[in-house]
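The following exercises concern the side chains of one protein model. Please work through each task before reading its solution.

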Amino acid sequence: QVQLVESGGGLVQAGGSLRLSCAASGRTFNNYAMGWFRQAPGKEREFVAAVSRSGVSTTYADSVKGRFTISRDSAKNAMYLQMNSVKPEDTAVYYCASPQSYSDRFYTPRFAREYDYWGQGTQVTVSS
C-alpha cells in the first residue's frame, strides 16, 4: 500500500523559510516522479513543483520559481520542498503526490490528473 505523509508545515512570517518533507512507503521510491501541490481556501489545487524519479529534472510554477527548491533523497525515501522568501499568498495546504505508473527518468508531471497517490496535506500559514 502506497503511503505519502507530509510534515514540516506551520506558521512563518513573510520573508522567512520553511522546509516541508514527504515520507514515501509501499513501493520502490526511485521508480516514480514526485510533486508538490497546494490548495488555498476557496481556490483550486495548484501545481507547485515536481522532481523526476532520477532527481535530475525539476520544474516549478512561475509563482514559486527562484524561491522554492524541490529535492529528493533516495536513501531516506523522502522528498522535500525548501520554501524561502515566503509570502502571504503562499498560505495553503501543501500536498505531496506521485503517479501510479513507472516514470521516465526525466518525467516531471505538472498536472494533478497525472498523479494517483496523494498525502493528507500539511498546513502552511504565512503571516504578513
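A nonpolar core is a set of buried Ala, Val, Leu, Ile, Met, Phe, Trp, Tyr and Cys residues joined through side-chain atoms within 4.5 Å. Buried means under 20% relative accessible area, exposed over 50%, and partly exposed in between, with a 1.4 Å probe and protein chains only. The model is predicted, so local features require pLDDT of at least 70 and side-chain atom pairs pLDDT 80 or more, whereas totals for chains, interfaces and linings use all residues. Residues are numbered from 1 along each chain as its sequence is written, and side-chain values use heavy atoms, without hydrogens and water.

**Exercise 1.** Determine which residues have the most contacts inside the largest nonpolar core.

*Solution.* Step 1: the largest nonpolar core has 31 residues. Step 2: Trp36, Leu81, Met83 and Tyr94 have the most contacts inside this core. Step 3: strands are DSSP runs of E with at least two residues, numbered from the N terminus. Elements giving two or more residues to the core include β3, β4, β5 and β9. The largest share, five residues, comes from β5. Step 4: contact means heavy atoms within 4.5 Å. Leaving aside residues up to four places away in sequence, Leu81 touches, among others, Trp36, Val48, Ile70 and Tyr94.

**Exercise 2.** Classify the aromatic pair of Phe37 and Phe47, and then that of Tyr115 and Trp118.

*Solution.* Step 1: rings of Phe, Tyr and Trp (its six-membered ring) pair if their centres lie within 6.5 Å; planes under 30 degrees apart count as stacked, over 60 as edge-to-face and the rest as tilted. Step 2: by this rule there are four aromatic pairs. Step 3: Phe37 and Phe47 have centres 5.6 Å apart and planes at 75°, an edge-to-face pair. Phe37 is in strand β4 (residues 34-39) and Phe47 in strand β5 (residues 46-51). Step 4: for Tyr115 and Trp118 the values are 6.0 Å and 55°, a tilted pair. Tyr115 is buried at 4% relative accessibility, whereas Trp118, at 27%, is partly exposed.

Notes. Helix = DSSP H or I, 4+ residues; strand = E, 2+ residues; numbered from the N terminus.
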